[in-house]
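Good morning, colleagues. Please have the view open as I speak.

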Amino acid sequence: GATLPMARAALETGEPRQRRVALQVLRTAGSQAASHLPAVLHVLATGPAGLRREALRTIDAFGAGILPELVRVCTEIDSARARAATDVLPRLAADFPKFLGPLESLRQSLPRDRRVEMIRILQSPRALAMAAVPLFRNALADPEGTVRAAAVRALVATQPTPDGDWHTLVFMLSDPDPDVADELDRALAGRRATVPLGEAVRDGAGLLRERALELLLASGSLDAAALPVLLEAHDGAAGPIRRQILTILRRMAPQSDEVKRRHAAALEEASPELRREAAAYFAEWLGDLALARAATGKALADPDAEVRAHAAVAYAQFGAEALPHLERLLAGTDPAGIDGALQTAARLGATGSPLVEQIQALGDSLPAELRHQHLRTLVALDADSERTLARLRDILQGPDRELQETALDALRAREQVGAGITRILLGTVAVEEDDLRSKAMAALRRATADSIPPLLLALADDAPGIQRAAIGALAELRLRAVET
């Protein structure tokens, strides 16, 4: 009983020879001397090389029972003996599972910063980290957010993370702590956690579901097993959640037959947000042509303008096959249907030329809200005809500023501007409104070679604005000719 305290005193104050003898005494005592571990660690941290070797042999003789105390010393902040203890710890990795209970009690007893340090230390080497996984899981329930965040980081670092931990981590998304949220964002990014994220969308609520949806949208791709989970979640969700799930499915599994059918069904929903999402899907992915044609053809007459715009993009992809349905819509009295048909026709280009007579005939009988789209469609399909040129001239010389802007925007969108339009635009660049003048000049820069005569005549015009516009258009023409 007296020998061991004497040996410890010698370790702390004795000469090197006395310290060596003290280490031998403690080593002989084995586990009975384990309480003197901190003093031996001090020698290991600060002694000369020969004594450090003796100290390691002594620690080995103490046995695995020192593990909890060794871990406690490891958590001392900025301590030389803590660094020495950390170096020793991997030697006892194989015995770690035997002491999980005492180690968990130790973790709970430490202050917050030392709990974080304990988790950090146990992450390396891998053998030690894998043995410490139960401790990391327990720490996910720690009352302090920084400790929970450290536990998330540790679990992810033990790759490959056991499958069950993905579910545990996903269902922590409702944790309000920002440190935990940041760690989870990094941990759950990518494809590997999309199945448990889908389950959180299907089975969760509130913040958990909201965060799971955000991470799924950011994941970029879906694990194959996640698709049926998300389809189940979609079928059981309310409007806003269903819309977000449809967005995820549109981006990550667009070619699935089940995804196509659900988007087609969504076009019949009362919620405009759901219909917009579904129409956006068909604008990007036609998939089953018969299904897409029926769904988007009906959506051309949707009361929501955004739905019609997406449906027009989709339906225009059917080319000449779209013409009979567009003719029926143009002959009808539903303003929404006429608008959808006009938008689609504008996207058809030359393919839409059989519709020009019908579109021209609509003329001024259209309600005010359709005149802008009517004008855009005429410029896209029939800009150089005498009837369209006369209409453009009347508009650009008339009082309706909004229609003037629509006309100039439509002309700027054309790849080429012929002689007839050039003459009209040269008259517009003389107006006082800067916005209209700049748009007209931008459109003139798309003038074709047949516009050279009116541009040369404009050089003799007394109005400096017309001269400048003509010079700019001729310079652009010359530049394009040189490039060609």
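Is the crossing in which helix 11 passes helix 13 left-handed or right-handed? Helix 11 passes helix 13 in a left-handed crossing, the term left-handed meaning that the near helix is turned anticlockwise from the far one by less than a right angle, and right-handed that it is turned clockwise.

Before I continue, a word on the basis of what I say. This is a predicted model, in which local features need pLDDT of at least 70 and side-chain atom pairs count only at pLDDT 80 or more, while totals for chains, interfaces and linings use all residues. Residues are numbered from 1 along each chain as its sequence is written, and side-chain values use heavy atoms, with hydrogens and water left out.

Helices (H or I, at least four residues) are DSSP runs, numbered from the N terminus. The axes of helix 11 and helix 13, the latter spanning residues 178-188, come within 8 Å and cross at roughly 15 degrees. Axes here are lines fitted to C-alpha atoms, for helices over the stretch in contact, with angles running from 0 to 180 degrees between N-to-C directions. Helix 11 and helix 13 are therefore roughly parallel to each other, a label for angles under 35 degrees; over 145 counts as roughly antiparallel, 65 to 115 as roughly perpendicular and the rest as oblique.

Which residues meet in this contact of helix 11 with helix 13? From helix 11 come Gly145, Thr146, Arg148, Ala149, Val152, Arg153 and Val156, and they meet Asp179, Val180, Glu183, Leu184 and Ala187 in helix 13. Contact means heavy atoms within 4.5 Å. By class, this contact of helix 11 with helix 13 has six nonpolar, two polar and four charged residues. Ala, Val, Leu, Ile, Met, Phe, Trp, Tyr, Cys and Pro count as nonpolar, Asp, Glu, Lys and Arg as charged, and the others, Gly among them, as polar.

Helix 25 (residues 368-382) and helix 27 (residues 401-413) have axes that come within 9 Å and cross at roughly 30 degrees. That angle makes helix 25 roughly parallel to helix 27. The crossing of helix 25 and helix 27 is right-handed. Arg371, His372, Leu375, Arg376 and Val379 in helix 25 meet Glu402, Leu403, Thr406, Ala407, Ala410 and Leu411 in helix 27. The residues of this contact of helix 25 with helix 27 divide into six nonpolar, two polar and three charged.

In helix 8 (residues 112-121), Arg115, Glu117, Met118, Ile119 and Ile121 are buried, where buried means under 20% relative accessible area, exposed over 50% and partly exposed in between (1.4 Å probe, protein chains only). The cover over these buried residues of helix 8 includes helix 5 (67-74), helix 6 (80-88), helix 7 (100-109), helix 9 (126-131), helix 10 (133-139) and helix 11 (145-157).

Several loops deserve a look. Pro125 lies in the loop between helix 8 and helix 9, and a cis peptide bond, with omega about 0 degrees, joins Ser124 and Pro125. In the loop between helix 5 and helix 6 is Asp78, which has a positive phi of about 55 degrees although it is not a glycine. Is Asp78 buried or exposed? At 74% relative accessibility, Asp78 counts as exposed. Asp95, in the loop between helix 6 and helix 7, counts as buried at 18% relative accessibility. Leaving out residues up to four places away in sequence, Asp95 touches Ala64 and Leu67.

Now the aromatic rings. Rings of Phe, Tyr and Trp (its six-membered ring) pair if their centres lie within 6.5 Å; planes under 30 degrees apart count as stacked, over 60 as edge-to-face and the rest as tilted. By this rule the count comes to two aromatic pairs. Tyr281 and Phe282 form an edge-to-face pair, 5.0 Å centre to centre with 80 degrees between the planes. Tyr281 is buried at a relative accessible area of 0%, and Phe282 is buried at 1%. Tyr315 and Phe318 also form an edge-to-face pair, at 5.5 Å centre to centre and 70 degrees between the planes.

Finally, Ala473 is found in helix 31 (residues 464-483) and counts as buried at 2% relative accessibility. Ala473 and Thr422 are 51 residues apart in sequence and 9.6 Å apart in space, C-alpha to C-alpha.

Technical notes
Helix = DSSP H or I, 4+ residues; strand = E, 2+ residues; numbered from the N terminus.
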